[in-house]
Amino acid sequence: MSVELTPGVYWVGVIDWNLRDFHGYLTEAGSTYNAYLIIDDKITLIDTVKKELLPEMLCRVAEIVDPEKIDYIVSNHVEMDHSGGLPETVARVKPEKIFCSPQGKAGLSRHFKQDWPFVEVKTGDELSLGRRTLAFLETPMLHWPDSMMTYLKEEELLFSSDAFGAHLASSEHFDDQLPDCPCDYGRQLKKYYANILMPFGGLITSLFAKIAQLGLTFKIIAPDHGLIYRKNPAWVLEAYQRWASGATEPKGLVIYDTMWHSTETMAEAIVEALGQEGVDAKPMHLRNWHRSDVVTECLDAGAVLIGSPTLNNGLFPTVSDLLTYLKGLKPINKVAAAFGSYGWSGEAVKLITKELEEMKFKVIDPGLRVQYVPDGEGLQACRDLAKKI
Ligand code: FEO
């Protein structure tokens, strides 16, 4: 069923109940691809959905209007979860115009190689649909260079594309319909921010400045994933402002893998000692925690300790995986250190320390190595490292 947001504005998206991986991100709660339909003199579709789910979107449109009556398509974002259904939609609808950013036109042309009736729009451009007006706001890198948002002025409704979204499959569509929202939804929102938008905190801060400069206010925020905020849009705006600022909590993550429990014993000693220093400390064994959950915890942690045994002169593979993923997400404002057990060569701690330095973490120790199994002295060194942190 389609869902009405305000009179004449509908959700016509698709719920992806079974999605469990979004380019390396564990989506344990599935997702939605939120497309929207505006009924006005010019009937307008905002975004589409994944190619294989398009028939479901078109059925929802058909509950409201014959899809062939759509006049305009607005493509806020090129990524295939929102544009994969575009070729079939364009072929069926034959829209008069497709509105997108200049980078959107370039990206859609590279993807689909079609001569579509593109109209490039920039920040501040407006489009009359008849009784209502759309205004466009370019938001490059939130999430791709082409990204933009579309604002329905009369309704103070922001179609925010990827920003403010969350991966959650739910029959409910609004923030006031989930009984424990924002608590549990907040976890999915944070996970989405950490895994998708963490590298772009500076751009998000600039976006808020732009929104203030343009004097935009929001009664409804309708992202392309997850819930639509109509009860409390300020809640998601405040969360984004906080995360974008890089604010951290007195929280310490001890992230590690282990071969014969020696690095694990070091991790446990560090966690215990951090707790005694008043830090909210948590061990995260990388074969029990998915990388996307680890980086979610990293988002607001003030301290990050990473431990690995040395395996074949290098890092344990899960640690290598985590460091690659974390580095790409550019976390900021962390105190950090490396630790690990080794048998003879012992390169892992040095390799981790190098990565932490490259991530511009404040590395407060050259790295703690213990040969084979930690003894009393080794465990005391772990406690001393925690005290330094
Ligand atoms: Fe939901 Fe960047 O795509």
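What share of the 389 residues in the chain is buried? Buried residues make up 59% of them. Please keep in mind that this is a predicted model.

**Figure 1. The whole chain, to get our bearings.** The secondary structure comes to 12 helices and 22 strands. Along the principal axes, the C-alpha atoms fill a box of roughly 75 × 40 × 35 Å. If we take the contacts between residues at least 6 apart in sequence, 72% of them join residues at least 24 apart.

**Figure 2. Strand S15 and its two partners.** Strand S15 spans residues 157-161, and five of its five residues are buried. Both of its faces are covered: Leu157, Phe159 and Ser161 lie on one side, with Leu158 and Ser160 on the other. Strand S14 (residues 148-152) runs antiparallel to S15 and is joined to it by three bridges. In this pairing, Thr150 stands opposite Phe159.

**Figure 3. Helix H11 and its buried side.** Helix H11 covers residues 348-358, and its buried residues are Ala348, Val349, Ile352, Thr353, Glu355 and Leu356. These residues cover an arc of only 160° around the axis, which puts them on the same side of H11. What lies over the buried residues of H11? The cover includes helix H10 (317-328) together with the strands S19 (301-307), S20 (335-342), S21 (362-363) and S22 (368-371). Just after H11, look for Lys360, which takes a positive phi of about 65°.

**Figure 4. Trp17 in its loop.** Trp17 sits in the loop between strand S3 (14-16) and strand S4 (21-22). Is Trp17 buried or partly exposed? Trp17 is partly exposed, because its relative accessible area is 44% and buried would mean under 20%. Leaving aside residues up to four places away in sequence, Trp17 touches Gly30, Ala169, Ser170 and Ser171. For a sense of scale, Trp17 and Ser128 are 111 residues apart in sequence and 36 Å apart in space, C-alpha to C-alpha.

**Figure 5. The largest pocket.** This pocket holds about 320 Å³ of space. Of the 19 residues that line the pocket, Met259, Thr310, Tyr342, Gly343 and Trp344 are the closest to its centre. Helix H8 (262-276) and strand S20 each supply at least two residues of the lining. By class, the lining divides into eight nonpolar, 11 polar and no charged residues.

**Figure 6. The largest cavity.** How many cavities of 30 Å³ or more are there? The count comes to one, and about 30 Å³ of space lies in the largest cavity. Its lining is made of Thr32, Leu168, Ser170, Glu172, His173, Gly226 and Leu227. By class, that gives two nonpolar, four polar and one charged residues.

Note on methods:
Residues numbered from 1 in each chain as written. Predicted model: local features only at pLDDT ≥ 70, side-chain atom pairs only at ≥ 80, totals over all residues. Heavy atoms only, no water. 1 Å grid on protein atoms, 1.4 Å probe; cavity = no way out; pocket = protein on both sides within 12 Å on 5 of 7 lines; lining within 4 Å. Points joined across faces, edges and corners; volume = space filled by probe spheres on them. Nonpolar A, V, L, I, M, F, W, Y, C, P; charged D, E, K, R; others polar. Buried < 20%, exposed > 50% of the residue type's maximum accessible area, 1.4 Å probe, protein only. Helix = DSSP H or I, 4+ residues; strand = E, 2+ residues; numbered from the N terminus. Pairing = 2+ DSSP bridges. Arc of directions from axis to C-beta. Contact = heavy atoms within 4.5 Å.
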